[in-house]
Amino acid sequence: MFSRLRRRDGRQGEPVTFAAGAGLVSARLRDETGNPLAGAEMVLRHKRSPRVFRAVSDDYGLAVVTAATGTYQVTITAGGYRELTHTVDVVSGDHTSLGDLELHPDASVRLPGPGRWVIDPDHTSIRFVARHIGLSRVHGRFTRFHGSITVGERIENSSIEVVIDAASIDTAAEKRDEHLRSPDFLDVERFPKIHFFSDRAQRVAGDRWQIDGTLNLRGASRGVRLDASYLGLRSWNGERLGAVAKAELHREDFTINWQQTLAKGLVVVGSTVELRFDVQAVRGA
């Protein structure tokens with residue numbers, strides 16, 4: 001059995017096959033400006049059983065899922081947008097298209113007002129993940145840092161500054177941490193601080209932003225892009241904003257070139273490191 005999805009130019013695409021007793025559900029998702037909305041989640045929940053099927057929209061806003069026959073509640077969510085709900089009947093061997101669906105911004109997610117917001121180190125984490133001998137990931141964090149966010153009259157003109165104590169690196173392994181502090185890696189005696197500064201922010205869609213800045217690490221300054229999600233405002237011991245962000249670094253860009261090789265050329269430490277930020281900041285602290 002097969003169905004066909006339409007291509008972006010409106011013509012029929014290649015056949016899509018799926019098992020007997022199943023059908024295809026698709027939707028093309030757009031933001032409030034009519035542009036394709038990538039990364040939205042479409043979830044089908046069966047009305048009379050615990051069956052759940054999920055799909056995430058691609059760069060063209062297309063979400064496609066194969067599901068067993070039956071009647072489903074469909075929910076479509078994306079950060080910073082109001083949830084959409086539909087009911088759909090999945091028919092064996094058939095393709096049900098929900099068509100073009102536009103998601104609208106969630107007005108309850110307010111952007112922060114102009115002013116200075118200070119990062120709360122007790123409710124903020126700066127973590128990293130690196131690959132080890134191609135088998136597992138080593139997780140670590142920095143335990144000492146400070147920073148602030150200055151929100152401009154236009155939020156796109158806001159600035160962010162973070163200063164990290166390089167010697168505070170912690171991977172829960174003392175010998176490894178000592179090696180990471182050494183000249184082979186961070187060289188904390190010569191370069192005690194890691195510094196990030198940005199004055200360029202651009203909204204991508206919904207709660208997703210791109211933050212372009214400069215990272216100074218081990219005496220080398222390189223441009224870095226953070227993919228960030230804004231989580232909103234809360235009142236608790238002052239007015240607070242929340243955000244999460246991540247970036248991928250190539251350690252050779254910062255002259256961290258130490259490497260050990262195992263048999264067949266397998267490297268001990270991967271060349272890329274993923275940084276992850278989970279931030280709370282307090283207004284005017």
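**T77**

I looked up T77 in this predicted model and found that T77 touches A40, E41, E83 and L103, leaving out residues up to four places away in sequence; contact means heavy atoms within 4.5 Å. T77 lies in strand 7, residues 70-77. Strands here are DSSP runs of E with at least two residues, helices are runs of H or I with at least four residues, and both are numbered from the N terminus. I noted T77 as partly exposed because its relative accessibility is 29%. The cut-offs are under 20% relative accessible area for buried and over 50% for exposed, with partly exposed in between (1.4 Å probe, protein chains only). I also took one C-alpha to C-alpha distance: T77 and V56 are 9.7 Å apart in space and 21 residues apart in sequence.

**Ground rules**

I number residues from 1 along each chain as its sequence is written, and side-chain values use heavy atoms, with hydrogens and water left out. The model is predicted, so local features need pLDDT of at least 70 and side-chain atom pairs count only at pLDDT 80 or more, while totals for chains, interfaces and linings use all residues.

**Whole chain**

I counted one helix and 20 strands in the protein chain. Of its 285 residues, 41% are buried. Among contacts with a separation of 6 or more, 55% are between residues 24 or more positions apart. The accessible surface comes to about 15800 Å², and carbon and sulfur atoms hold 49% of that. These areas come from the Shrake-Rupley method with a 1.4 Å probe; for residues, only the protein chains shown count as cover.

**Sheet 6-3-9**

I traced an open sheet of three strands, in the order 6-3-9, with mixed pairing. Two strands pair if DSSP finds at least two bridges between them. Which strands stand at the edges? They are strand 6 (62-68) and strand 9 (95-102); each has a single partner strand, so one side of each is left without a neighbour in the sheet. The twist averages 15° from one strand to the next; the axes are lines fitted to C-alpha atoms, and angles run from 0 to 180 degrees between N-to-C directions.

Strand 3 (residues 22-30) and strand 6 run antiparallel and are joined by seven bridges. On the strand 9 side, strand 3 runs parallel to its partner, with six bridges. There, S26 stands opposite S97.

I then checked cover. In strand 3, eight of the nine residues are buried. In strand 6, five of the seven residues are buried.

**Nonpolar cores**

I looked for nonpolar cores, meaning sets of buried Ala, Val, Leu, Ile, Met, Phe, Trp, Tyr and Cys residues joined through side-chain atoms within 4.5 Å. The largest has 41 residues, and F142, L215 and L226 touch the most other members. Strand 18 (residues 220-235) gives the most to this core, with six residues. Apart from it lies another core, of 23 residues, including L29, M42, V74 and V88. As background, nonpolar side chains tend to be buried together in soluble globular proteins.

I listed the contacts of F142, again without residues up to four places away in sequence: I126, F128, I164, D165, A166, S168, I169, L186 and I194.

**S168**

I followed one of these, S168, to the loop between strand 14 (159-165) and strand 15 (169-170). Is S168 buried or exposed? S168 counts as buried, because its relative accessibility is 3%. Beyond its neighbours within four places in sequence, S168 is in contact with R141, F142, T143 and R144.

I found two polar contacts of the S168 side chain: one of its polar atoms lies 3.2 Å from the backbone nitrogen of R144, and a polar atom of this side chain lies 2.7 Å from the backbone oxygen of D165. A polar contact is a pair of N or O atoms within 3.5 Å; within protein, one must be able to donate a hydrogen and the other to accept it, and residues adjacent in sequence count only if both atoms are side-chain atoms.

**Positive phi**

I noted A172, a residue other than glycine, with a positive phi near 65°. A172 lies in the loop between strand 15 and helix 1 (174-181). A172 is exposed, with a relative accessible area of 74%.

I also noted N237, whose phi is near 50°, again positive in a residue other than glycine. N237 is in the loop between strand 18 and strand 19 (239-250). At 59% relative accessibility, N237 counts as exposed.
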